[in-house]
Amino acid sequence: MFYNVLELKELPEKKIEGFEMETLMERGDSSLAVVSLKKDEIIDNHISVCDACAIVYEGEAEFHFAAEKFTLKKGELIMFKKEDEHKVLAKKDTKFLLIKI
């Protein structure tokens, strides 16, 4: 993985069959992962131990924080602080990079 140039569409190339999280890099609490969700699938309320950024590179998903909802489409990203309770709803089959720092 290190020192390789990849296109987002190459991460990972598996068909979306349901919730899957594949960690690409990890050091302590920081990580880089690919998250896949099938349309209408939900990652229920949870918190992160790190500040995070989600970059949608396929599909569309809603990120819910308290009373706010953000719809992200391909090529868009959202940043959020640790301990912000949130959930994710896939509006379409979706893949996003999750960066925890």
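This is a predicted model: local features need pLDDT of at least 70, side-chain atom pairs count only at pLDDT 80 or more; totals for chains, interfaces and linings use all residues.

I begin with an open sheet of four strands, which has the order 3-8-5-6 and antiparallel pairing. Strand 3 (42-46) and strand 6 (68-73) are at its edges, and each has a single partner strand, so one side of each is left without a neighbour in the sheet. On average, neighbouring strands here are turned by 15° against each other, direction ignored.

Residues are numbered from 1 along each chain as its sequence is written, and side-chain values use heavy atoms, with hydrogens and water left out.

As for terms, strands are DSSP runs (E, at least two residues), numbered from the N terminus. Two strands pair if DSSP finds at least two bridges between them.

Glu62 belongs to strand 5 and stands opposite Leu89 in strand 8.

Is Glu62 buried or exposed? Glu62 is buried, with a relative accessible area of 8%; buried means under 20%, exposed over 50%, and partly exposed in between, with a 1.4 Å probe and protein chains only. The side chains of Glu62 and His64 are joined by a polar contact of 2.9 Å, that is, a pair of N or O atoms within 3.5 Å; within protein, one must be able to donate a hydrogen and the other to accept it, and residues adjacent in sequence count only if both atoms are side-chain atoms. Leaving aside residues up to four places away in sequence, Glu62 touches several residues, including Lys69, Phe70, Thr71 and Leu89, where contact means heavy atoms within 4.5 Å.

Five strands form an open sheet in the order 1-2-9-4-7, with antiparallel pairing. Strand 1 (20-27) and strand 7 (77-80) stand at the edges with a single partner strand each, so one side of each lacks a neighbour in the sheet. The twist from one strand to the next averages 15°.

Strand 9 (residues 94-100) pairs with strand 2 (residues 30-37) in the antiparallel sense over seven bridges. Leu37 has Thr94 as its bridge partner in strand 9, and Val35 stands opposite Phe96. Strand 9 also pairs with strand 4 (residues 52-58), again antiparallel, over six bridges; there, Cys53 is opposite Ile99. Five of the seven residues of strand 9 are buried.

Finally, the aromatic residues. A search of the whole structure finds three aromatic pairs; rings of Phe, Tyr and Trp (its six-membered ring) pair if their centres lie within 6.5 Å, and planes under 30 degrees apart count as stacked, over 60 as edge-to-face and the rest as tilted. Phe65 and Phe70 form an edge-to-face pair, 6.1 Å centre to centre with 65° between the planes. Phe70 is partly exposed, at 34% relative accessibility. Phe65 and Phe80 form a tilted pair, at 5.3 Å and 55°. Phe65 lies in strand 5 and Phe80 in strand 7, so this pair ties together parts 15 residues apart in sequence. Both Phe65 and Phe80 are buried. Phe65, Phe70 and Phe80 form one aromatic cluster.

Note on methods
Axes are lines fitted to C-alpha atoms, for helices over the stretch in contact, and angles run from 0 to 180 degrees between N-to-C directions.
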